[in-house]
Amino acid sequence: MKAAIKGEGLTKRYGKRKALDNFDIEVPEYAITAILGPNGAGKSTFMRMLTGLVAPDSGSLTVLGERPSWRQNRLVSYLPDRARWYQGQTVESAIEWGTKLLPEFRRDTAWELAGSLGLEADLETEGMSKGQEARLMLTLCLAREVPLLVLDEPFSGIDMISREKIVLALIDAFATRRQTVLICTHEIAETESLFDHAVFVKDGRAALSGGVEELRSRSGSMQDIYRSLYG
C-alpha cells in the first residue's frame, strides 16, 4: 500500500527534553490511522510537524510526497488541540469565515455537520462548553474536501455526549470519502472501531504499529495493547 506520510529518524528537542526520539512512521494512503499514546508521548509534536508548524531537529518527513510547508496546507485539513476565536464569533460567522478563507471548504457540508452535531447558527463561541467548541472545530475541519485530515486530540476533555456525537459524525463522513485520516488520541474506548491502522507512541518513539486487525489477532483489543504498553 502506498504511504501518504513517511517519517524516518525524526527527532525534536525542547531544551533537554526530547519530544520525538528517532521516530519512524509510515501512514498508508486512504486509511484511518490512530496515533495513540498518553499525554507527553510526542503525538502532538508529530502532528504539528505534518503541517510545517514544527520542524524536526533531524530526520526526514514527507507528506503526500513532499516536505511539509505552507504551500501544502491547501491539501491538509488540520484540527488543532486548541481553538482561537474572534470576539463575537458565532457558528454562522465561523462557517462563513471557512467559506471565504479555507481551500476546498464546502459550505453546505459545514451546515449539515453543524446540524447533526447540535450547533445553532447564532451560538456564540464565547461561553461555549468545551464539547460545543470541539464540535464546531470538527465541523470546520471536516467541511474541507482535501486529501489529508489531521485531527489532534478531538475527544480530549469533553463530555461523553459530545464524544458520541463526534464519533458518529466521523463515521458518517469517512464512509463516503476517499481521504487519508490521522487521529491523535489517548481516548480508546469510543474510537477503536474507527481505525484501520494504529501507531502507539511511547517516549517519543513508535513502540508498535500495524493494521488494526493484525494487531488485534496478535495482542487483543486496542485497549488491551494500550494497557500493556502504558499501564
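Visitor: In this model, is Asp21 buried or exposed, and what is its relative accessible area?
Guide: The model is a predicted one, and the class of Asp21 follows from a cut-off, because buried means under 20% relative accessible area. Asp21 falls under that limit and is therefore classed as buried, with a relative accessible area of 19%.

Visitor: With which residue does Asp21 form a salt bridge?
Guide: The closest N and O atoms of the pair are 3.4 Å apart, and the rule asks for a side-chain nitrogen within 4 Å of a carboxyl oxygen.

Visitor: How many residues apart in sequence are the parts tied together by the salt bridge between Asp57 and Lys12?
Guide: Asp57 forms a salt bridge with Lys12, and their closest N and O atoms are 3.6 Å apart. Asp57 lies in the loop between helix H1 (43-50) and strand S4 (58-63), while Lys12 lies in strand S1 (residues 3-14), so the parts that this pair ties together are separated in sequence by 45 residues.

Visitor: Of Asp57 and Lys12, which counts as buried?
Guide: Asp57 has a relative accessible area of 42% and is therefore partly exposed.

Visitor: How many salt bridges does the count come to?
Guide: Besides the pairs already discussed, Lys6, Glu8 and Glu26 are linked in a network of salt bridges. By the 4 Å rule, the count comes to 13.

Visitor: Which are the edge strands of the open sheet of six strands?
Guide: The order of this sheet is S5-S6-S7-S3-S8-S9, with mixed pairing. An edge strand pairs on one side only, and this applies to strand S5 (76-79) and strand S9 (205-211). Neighbouring strands here are turned by 15° against each other on average, direction ignored. The edge strands are S5 and S9.

Visitor: Which residue in S7 is the bridge partner of Thr33?
Guide: Strand S3 (residues 32-36) and strand S7 (residues 180-185) run parallel and are joined by five bridges. In S7, the residue bridged to Thr33 is Leu182.

Visitor: Which helix lies across S3, S8 and S9?
Guide: Helix H5 (residues 160-175) lies across S3, strand S6 (148-152) and S7, running at about 160° to S7. Another helix, residues 222-230, runs at about 15° to S8 and lies across S3, S8 and S9, and this is helix H7.

Visitor: How many residues of H1 are buried?
Guide: Helix H1 is mostly covered, and its buried residues include Phe46, Met47 and Leu50. After H1 comes Gly52, whose phi is positive, near 80°. Of the eight residues of H1, the number buried is seven.

Technical notes: Residues are numbered from 1 along each chain as its sequence is written. This is a predicted model: local features need pLDDT of at least 70, side-chain atom pairs count only at pLDDT 80 or more; totals for chains, interfaces and linings use all residues. Side-chain values use heavy atoms; hydrogens and water are left out. Helices (H or I, at least four residues) and strands (E, at least two) are DSSP runs, numbered from the N terminus. Buried means under 20% relative accessible area, exposed over 50%, partly exposed in between (1.4 Å probe, protein chains only). Two strands pair if DSSP finds at least two bridges between them. Axes are lines fitted to C-alpha atoms, for helices over the stretch in contact, and angles run from 0 to 180 degrees between N-to-C directions. Contact means heavy atoms within 4.5 Å.
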